[in-house]
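Open the model in your viewer and keep the selection panel at hand. The tour goes from a helix to ring pairs, then to charges over rings.

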Amino acid sequence: MSPTRPLTVLHLVANRWWTGSAEPVIRLLGGLRARGHRVLLGLIAGDRFEQKAREAGLEPLAGLSLEVRGNPLRALADLRRVRATVRAEGVDVIHTHHSHDHWLGWLARGGGPAALVRTFHNARAVRLGWPSTALYRRTDASIAVSREIEERGRSAGIPADRLARVEGVVDLGRFETGDGGAAIRKEFDLGGAPVLGCVARLAPRRGHELLIRGFRLLLAEYPGARLLLVGKGEARARLEALVTELGVAREVLFTGYRDADLPGVLQALDAFALMGAGSDESCRAALEAMAAGRPVVARAVGALPETVVNGETGLLVADESPGAVAAALRAILGDPARARAMGELGRRRAAAEFSPERSAAIVDAVYRAIVPA
């Protein structure tokens, strides 16, 4: 059997939302298909993940629930469905992305020849106790999307020779076209003001409060500056109350969720800021800003220390204080030539290090190492 034969890979993703693992999985599957592999996808149907998968030409497996809190009968039906798919389709690799589908994949392969792979998209997903650690030892390969996750994986007992790091991925072409942000500047009446922005779900632990307080300190020198908070979520009302309390309701603008015009949103910015890693610690939002040619100001969390080259493609804040955030933003806005150079270097770095092709090539090598030739 040729070591370069196309593989059949089943990805199981217990997710329904267009967040967290969803987009990285879609990008990876596109890259694997381009390398000649046959990919199958199981997800939680009925929401934007399914919609986006279909837009990408992926037909999700029918008859799967994958609901984490589903009833036992549904879980048993899922097990039977996945087992039948593995046998009927000659699946070489079952690639899982969450704890629920990891257990399902392990049970479904039984003693069969399919290899089992798990990607950990955030550090919290790596559990340090039994029975999870036993499952990790029975997994042929694990993938971490950041150094922090990789280190936690080692702490969980995953052997080093079965733990790979595959960093984030971004659709470069999507962010290289657009109107340069003209429509967004018009929509929010930004004029020629300095504009900063953050794209992240409005949820706890995303660092919005820190960014808002740091931005407020910046206004003494840049009174016309604006901060765009892009996203939706349960914390919006609380964040709106905070900006009102701080007296910056005019300067901090909540844009809501943006999708089709996200490239234009990023192109409207002078700098992008991200203070939290979110549910996908590859920090895709920062990669998208880099692809759009924008310098990135970030905290050293998740994959951001590996993504942002401090002083070259952006700045990592010195500490978790509003003053440190303000100092980093001030350094970017105070030197437009340096900011443009950082943005251009970021774009080149995104193209060289975070393309779907490169990500798929690394994952392909992981598969080849565990699938018998």
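Here are the stops, in order.

This is a predicted model: local features need pLDDT of at least 70, side-chain atom pairs count only at pLDDT 80 or more, and totals for chains, interfaces and linings use all residues. Residues are numbered from 1 along each chain as its sequence is written, and side-chain values use heavy atoms, without hydrogens and water.

**Helix H1.** Select residues 22–34, which form H1, with 13 residues. Helices (H or I, at least four residues) and strands (E, at least two) are DSSP runs, numbered from the N terminus. Now colour the buried residues of H1, among them Ile26, Leu29 and Leu32. Buried means under 20% relative accessible area, exposed over 50%, partly exposed in between (1.4 Å probe, protein chains only). Step past the end of H1 to Gly36, whose phi is positive, near 95°.

**Ring pairs.** Rings of Phe, Tyr and Trp (its six-membered ring) pair if their centres lie within 6.5 Å; planes under 30 degrees apart are stacked, over 60 edge-to-face, the rest tilted. The count is three aromatic pairs. Select Trp103 and Trp106: their ring centres are 5.9 Å apart and their planes at 80°, so the pair is edge-to-face. Both lie in helix H4 (residues 99–109). Next, Phe120 and Tyr136: centres 5.3 Å apart, planes at 85°, so again edge-to-face. Phe120 is buried at 1%.

**Charges over rings.** The rule: NZ of Lys or CZ of Arg within 6 Å of the ring centre and within 35 degrees of the ring normal. Select Arg16; its charged end sits over Trp17, 5.5 Å from the ring centre. Finish at Lys232, over the face of Tyr257 at 5.2 Å from the ring centre.

Notes. Expected span 1.5 Å × (residues − 1).
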